[in-house]
Amino acid sequence: MAVPGHRLDRMFNPEVVAVVGDKGPGYMWLQNNMPFKEKGGRLYSVQLDEKEIPGIEALGIQNFKSMADIPEPIDYALVAVPRQVSPFVLKDLIANKANGAGFFTSGFAETGEELGIQLQQKLSEMAREANFNLVGPNCMGLYLPKAGVRFNADAPIADDGKIGFLSQSGTHGIMFSLVSAANGLHVSRCASFGNAIILDVSDYLEYLMLDDETEIIGMYVEGVKNGRRFFDTLREACKRKPVIVWKGGQTEAGARATMSHTGSLAAPQAVWDGMMRQCGAITTNNLDETIDTMKLLLNAKTPSGTGMALLAQTGGQSVSITDAFAKAGLRVPRFSDETYAQLGEFFNIVGGSYQNPLDMAGTIQGSMDTLDKILRIVDADPNIDAMAMELSAMFAARQWKKFPDSLDKTIDTLATHIERSKKPFLVILHPAHEAEYVASIAPKFHAKGIPLYQSFERAAAAYARVLAFAGR
């Protein structure tokens, strides 16, 4: 949904897109954005090189040698030209009354070279004077799945995206879009903004917090231009929806790396951490933690407490899952007397236990009715705020492969429980020796909205982060 009146609205909801300077044989940027054309958008090319034009036209895309010849104002342009040419392209975009452009072109201030610094300053002056929405430079630009605008050919086209993601790194922006989709999570809008000479993270964050299609916001950021504005915008955004912040350059060595990457000066980590706490943001350290947290935010009920019921398949795993959740600051309390009485009526304690954590494989023995019964009993316990259950690929994969319907019944049982319960529920499926098989069945869990994790530690960390956010 659009945010009428916002300066980024045209660019984030484009009808006219232009690619400037794309080259064969692959024509990467035009190919990336073919879905935009297929969805009815007007996709143009601007290329002077006579050798490139036949390949562009063979794609069914109209090419112009001059931006002045494009018959309508451009909503968003992707610019891939040598850095010395960039000011001339920006001049033409401004004359076209284009709303904004992502400059894939690099070689600016991040190089430390005098020419790069001068060219970046020139772009900044021109864009500010024209109030032009310049994304980057040194970036991948925008990924708008619903519109069909992409910065990577493998990024999915989807209409159901709920996650807004902002990335100062092009690689992290691409990685997030691909890995989140592999986990059943789709993007609403994503911006890779590189050197951020005009539009900084605060500009994009302001838009996403107002965007009804975006339910949660994530970001990878190395530094900000205006700390006060970022603080105020982040604090307001966190009041409206969850915001997950993955900070690059947390160490002294990492902070040096940000300077050569995007020309960013990293704030002292202690200052940054204090800002995050005051704003109420959820902080993460890497891509996996970011996606793990989003998975729980989107697919689980809101946490209300630290009391965990842990459901393991075997004795050793019951110990390991307990250590993982306890180390994350969560409690593993005793069940109520009523729960113990109900479980004791049928639980197999030969090689099993109905204490918390449960050791329950010998009791379930593949019966989904028995699993459902256990889930109902434990879910009703007043001492329990949330549940985490292990599925063992080491034992179950053989059965699931032989009888595929047994996997489907397991997933349906878990999905039914998640729908009826008011408490968060997490599933841990360690790949063990069946990594390829587990990867092949994971989409079945994602399709049912089941928060699926590969380790006890990752599940525990995600729950602890979301609980801290919910309890602000």
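In the predicted model, strand S15 is covered on both faces, with Ala386, Ala388, Glu390 and Ser392 buried on one side and Met387, Met389 and Leu391 buried on the other. Because 7 of the 7 residues of S15 (residues 386–392) are buried, that is, under 20% relative accessible area, the strand is largely enclosed by the rest of the structure.

Strand S15 pairs in the parallel sense with strand S16 (residues 425–430) over 6 bridges, and within this pairing Glu390 stands opposite Ile428 of S16. Strand S13 (residues 308–312) also runs parallel to S15, to which it is joined by 4 bridges, and the bridge partner of Leu311 in S15 is Met389.

An open sheet of 6 strands is arranged in the order S7-S9-S8-S10-S11-S12, with mixed pairing. Strands S7 (141–143) and S12 (282–284) stand at its edges and each has a single partner strand, so that one side of each is left without a neighbour in the sheet. On average, and with direction ignored, neighbouring strands of this sheet are turned by 15 degrees against each other. Within the sheet, S8 (residues 163–167) and S10 (residues 216–221) run parallel and are joined by 5 bridges, Phe165 having Gly218 as its bridge partner in S10.

Helix H7 (residues 170–182) packs on this sheet, where it touches S7, S8, S9, S10 and S11, and its direction makes about 155 degrees with that of S8. Helix H12 (residues 287–299) likewise packs on the sheet, touching S8, S10, S11 and S12, with its direction at about 175 degrees to that of S11.

Key: Residues numbered from 1 in each chain as written. Predicted model: local features only at pLDDT ≥ 70, side-chain atom pairs only at ≥ 80, totals over all residues. Heavy atoms only, no water. Pairing = 2+ DSSP bridges. Helix = DSSP H or I, 4+ residues; strand = E, 2+ residues; numbered from the N terminus. Axes fitted to C-alpha atoms, helices over the stretch in contact; angles between N-to-C directions. Contact = heavy atoms within 4.5 Å. Buried < 20%, exposed > 50% of the residue type's maximum accessible area, 1.4 Å probe, protein only.
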